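Here's a quick briefing to read alongside the sequence and the 3D view. Have both open and follow along.

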Amino acid sequence: MPKRVLQGVVVSDKQDKTIVVKVERRFTHPLFKKTVRRSKNYHAHDEANGFKVGDQVEIEETKPLSRLKRWVVVETAPKA
């Protein structure tokens with residue numbers, strides 16, 4: 001089964017070897033037919049502590065690393 005890859009923005013880097021990434025998804029509301037934005041925070045493993053708040057990153061699903069971490073940082077996402 002392929003691993004999921006998500007893009008998001010780093011919102012916290014205060015923990016050691018961990019960053020918090022906000023991933024935003026857009027979808028059409030089933031009843032009102034309006035585009036809705038929903039966001040969710042993911043804890044991701046950052047071995048080198050190399051990412052700072054505001055960076056665009058890609059995270060990939062992995063085995064559980066701790067109680068909250070199920071994602072690992074793959075690379076910096078290109079700026080749009």
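Let's start with E61, which sits in strand 4, residues 56-61 (strands are DSSP runs of E with at least two residues, and helices are runs of H or I with at least four, numbered from the N terminus). This is a predicted model, where local features need a pLDDT of at least 70 and side-chain atom pairs count only at pLDDT 80 or more, while totals for chains, interfaces and linings use all residues. Residues are numbered from 1 along each chain as its sequence is written, and side-chain values use heavy atoms, with hydrogens and water left out.

**More on E61**
- E61 counts as partly exposed because its relative accessibility is 24% (buried is under 20% relative accessible area, exposed is over 50%, and partly exposed is in between, using a 1.4 Å probe and protein chains only).
- If you skip its neighbours within four places in sequence, E61 touches K3, R4, R70 and W71 (a contact means heavy atoms within 4.5 Å).
- E61 and V36 are 25 residues apart along the chain, and their C-alpha atoms are 25 Å apart.

**The barrel**
- The chain has five strands and zero helices.
- Those five strands close into a barrel in the order 1-2-3-5-4, with mixed pairing (two strands pair if DSSP finds at least two bridges between them).
- From one strand to the next, the twist averages 50° (axes are lines fitted to C-alpha atoms, and angles run from 0 to 180 degrees between N-to-C directions).

**Who pairs with whom**
- Strand 1 (residues 5-12) runs antiparallel to strand 2, with three bridges, and V9 stands opposite K22 of strand 2.
- Strand 2 (residues 18-28) and strand 3 (residues 35-45) are antiparallel too, joined by eleven bridges.
- I19 has A44 of strand 3 as its bridge partner.
- A44 also stands opposite W71 in strand 5.
- Strand 3 and strand 5 (residues 71-76) are parallel, with two bridges.
- Six residues lie between the strands in the hairpin of strand 2 and strand 3, where K33 takes a positive phi near 55°.

**The whole chain**
- Along its principal axes, the C-alpha trace spans about 45 × 30 × 20 Å.
- Of the chain's 80 residues, 26% count as buried.
- Take the contacts between residues at least 6 apart in sequence: 47% of them join residues at least 24 apart.
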